[in-house]
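Dear colleague,

Please find below the structure that I am handing over to you. My notes on what was found in it follow.

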Amino acid sequence: MLVLGDRLPVIKGQIVPGVAIDDARRAVVTLRRLDVPIAGLIEDMTGFVCDGCGREHNLFGRGGVKRWAREIDIPFLAAVPFEPAARTGGDGGRPIALDLASPAGRALRNAAEAMHHHLVPTPGRAAS
Ligand SMILES: [Zn+2]
């Protein structure tokens, strides 16, 4: 979970691992009780493109966070597939979001853009 609401009024997000939805449910209840806006939910570890067979395997299910986001009226930002390069890139100081060929990187960039549009008003956007 990522909450930077107290000191940085612009960024308020939540990352939900597929295996920890109960923790995420408690976090949403707590954040709502504290009146902390939630920019959206991200389903993490959604699918794994197997280097053995080339097919995508859903290790922790798929779509549960999206359905839940709809139920509780919070924007669904992204489903981020599992990629070992996310860990190695993070450990090496090059976040996967910078990798233009990575599906996980693409999902994270899309989520960041969705949060940006949600949180930062764009002058003239309402008129277009
Ligand atoms: Zn496989």
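Two residues are said to be in contact if their C-beta atoms, placed from the backbone, lie within 7 Å. Please bear in mind that the model is predicted.

With neighbours within four places in sequence left aside, G89 is in contact with R94, P95, I96 and D99. G89 belongs to helix α3, which covers residues 84-91. D99 comes ten residues away from G89 along the chain, and the C-alpha atoms of the two are 9.1 Å apart. A residue is called buried if 20 or more other C-beta atoms lie within 10 Å of its own. G89 has 19 such neighbours and therefore counts as partly exposed.

Helix α4 runs over residues 103-119. Its 17 residues reach 24 Å from the first C-alpha to the last, close to the 24 Å expected at 1.5 Å a residue. The buried residues of α4 are A104, G105, A107, L108, A111 and M115. Seen down the helix axis, these fall within an arc of 160 degrees, so they line one face of α4. The elements that cover them include β2 (41-49), β4 (76-82) and α3.

As to confidence, the mean pLDDT of the protein chain is 79, and 79% of its residues reach 70 or more. Over residues 7-14, pLDDT stays under 50, and the model has 20 contacts beyond four places in sequence for them. Where pLDDT is low, predicted coordinates should not be read in detail.

Yours sincerely

Definitions and conventions:
Residues are numbered from 1 along each chain as its sequence is written. This is a predicted model: local features need pLDDT of at least 70, side-chain atom pairs count only at pLDDT 80 or more; totals for chains, interfaces and linings use all residues. Helices (H or I, at least four residues) and strands (E, at least two) are DSSP runs, numbered from the N terminus. A residue is buried if 20 or more other C-beta atoms lie within 10 Å of its own, exposed if 12 or fewer, and partly exposed in between; C-beta atoms are placed from the backbone. pLDDT is the predictor's confidence in each residue, from 0 to 100. The expected span of a helix is 1.5 Å times one less than its number of residues. The arc is that of the directions from the helix axis to the C-beta atoms.
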